[in-house]
Amino acid sequence: MTKRNSIALLWNAVLFFGLYFQSYVATNTIDPDLSFKNVEQHIDLQSQLTKITTRLVLENGSKDRHIRNFFFSLEPGQKNSLSYIAAYREPVRVELKLTEAKMNAHPDKTFYQIELKGPLSPGRTMAVEIEWILTHELVPHPKEITQKEKQLVKFIGNIYLYSPYTITKQTTTVSLPSRNIESYTKFKPVSQSDSVITYGPYEKLSSFSYEELNIHFENNNKFLTVTRLERSIEISHWGNIAVEEHIDLLHTGALLKGSFSRYEFAREPKSGQASIQSFDTILPAAASDIYYRDEIGNISTSHTRIKKDSVELNLRPRFPLFGGWKTKYIVGYNVPSYEYLFHSGDQYTLEMRLLDHVFDDMVVDELVVKIILPEGSKNIELSLPYSATRLPDSLHYTYLDTTGRPVISVTKKNLVENHIQNFKLKYTFPRILMLQEPLLVAAALYLLFLLVITYVRLDFSIDKDEVSESKLRIAGQCEKILAAQDRRVTSYNELDDQLAYLKANKEANAFLSVAKGINQEYKSATSTIAEIAQRLKGESGDVYERVQELQKYDRTLKELYNQQQALYVDKLVPGKIGRQQFVEAEAAITKKKEECVEKINSIVKSLQ
């Protein structure tokens, strides 16, 4: 029984692998019943990119079999320059799944398998549009030009579609940036209208047909390549996302022959036609705190234009770029996190562009994206819109960090504007960790104050310094004396106010009632100074004598106030003194008071 079961399992395994191998072979072979009924190919050479759009009409020649996919092939030399490729079903323009495939019968060719959304029935047709973009296909010819010369480039391609299937009918059109064409392949039927060259129609083409297309034409558009772009995205849960881009630029057009003349460049309008003086970068609409700088510092030759859905930043390098010239710069800005960062509890999702706009028809040879997450983030899941290489994770340290912030790094080569798509990054972040930085600041300040308090209170001397301690005690007593003297001065000021009021209103009883309280405060301050003076007698004879002198002049000042009070109460109010006599008496008392106050101030100053 066991032997029979083993044999049955073996036969099942053989049958399974046989069916799998058969389906694999069938999937990766050219279907002879499929053909391209009509091909309309458009080659756009108006910029530094080679943009090719091909509209295919598929025809299923089988009588009883549905077709669910087909293959699209590239010319052998286009694999390294291919940057972007996509397929759509027409006329509703539904994107089709496209994956790279290999053919055992054609190992030297590059194939892409395109899955049809619905099967192609026998005898039926279906329209499919394929777009692909090639970089660095336009070669400057000549390779060097002078400052005044126009830039000429050469394109070498295929008039036919390089297809693994037979083509019933094909037409190829080529769009150029200008009508200045040096030469082009005249493979009949061919016609030229302004800046457009039309080839075909050609009929009954076999698979992998090739006829060289060679066009030599003028192209003064921007041949500008980003050789390296390092994009840093730093997330803050306090409401901000900081974006910074380090960009290396190279003019990949015809090299400048001879030296550069700024005089000719400024004087002649046609001088430097192929040079690049400025370009526009499009930033998000919410971008703020924008900066543009290089290794030297801030570059002031930039302008921003606020639009409804974006911010347009016009960048002008420090010098015009000619063929072979390089420059480096940094662009940075902030965006609010609520537009790109979403969360539910401790689960966060970031959706941002992996690559953003640098300039129109851009080419990026190498892109490195670094996503800096908050400290404590974990369970990180990255979803990319297209294939890219993820670099090893690292840590980034900044202020108030302890364990470091996780950095997710991604790199990709050969990108164009079509790669401006969003990535999605999911991670877990305990919200309680948002208190980490405020608590660290509070703890640091607490330790600093504690250290200062401890340092101030510690005595680092080996022996006690009696002289220093005595000086400190004397200084402390002097401060108390000055405080008591301030109280006496306040009493005198209040008494002056009451005397002025008495002089004006002649209300003696009210004055005497208030003066009684003022005199009590004065006596308390004077008694305090007397007690402190006795303690100073043993510490410093000099300070004691000055305090005694202060007391002496203060008694004199107090006596003068008593005389002024008696003059007002006993003579002025009852009307027992004439006006002239009162004025003279009051002036004499005031003069003596001023002299006495001046001497008191001199002593107070010496005690400070």
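Q: Which strand gives the largest share of the lining of the largest pocket?
A: That share, 7 residues, comes from β4, where strands (E, at least two residues) are DSSP runs numbered from the N terminus. This is a predicted model, in which local features need pLDDT of at least 70 and side-chain atom pairs count only at pLDDT 80 or more, while totals for chains, interfaces and linings use all residues. Residues are numbered from 1 along each chain as its sequence is written, and side-chain values use heavy atoms, with hydrogens and water left out.

Q: Which residue is joined to P189 by a cis bond?
A: K188 is, with omega about -5 degrees, and P189 sits in the loop between β13 (181-184) and β14 (190-193).

Q: Switching to phi, what is the value for D289?
A: Phi of D289 is near 55 degrees, which is positive in a residue other than glycine, and D289 belongs to strand β21 (residues 288-293).

Q: Is D289 buried or exposed?
A: D289 counts as exposed because its relative accessible area is 56% (buried is under 20%, exposed over 50%, partly exposed in between, with a 1.4 Å probe and protein chains only).

Q: And where is N379?
A: N379 is in strand β28 (residues 378-383), has a positive phi of about 55 degrees although not a glycine, and is exposed at 54% relative accessibility.

Conventions
Helix = DSSP H or I, 4+ residues; strand = E, 2+ residues; numbered from the N terminus.
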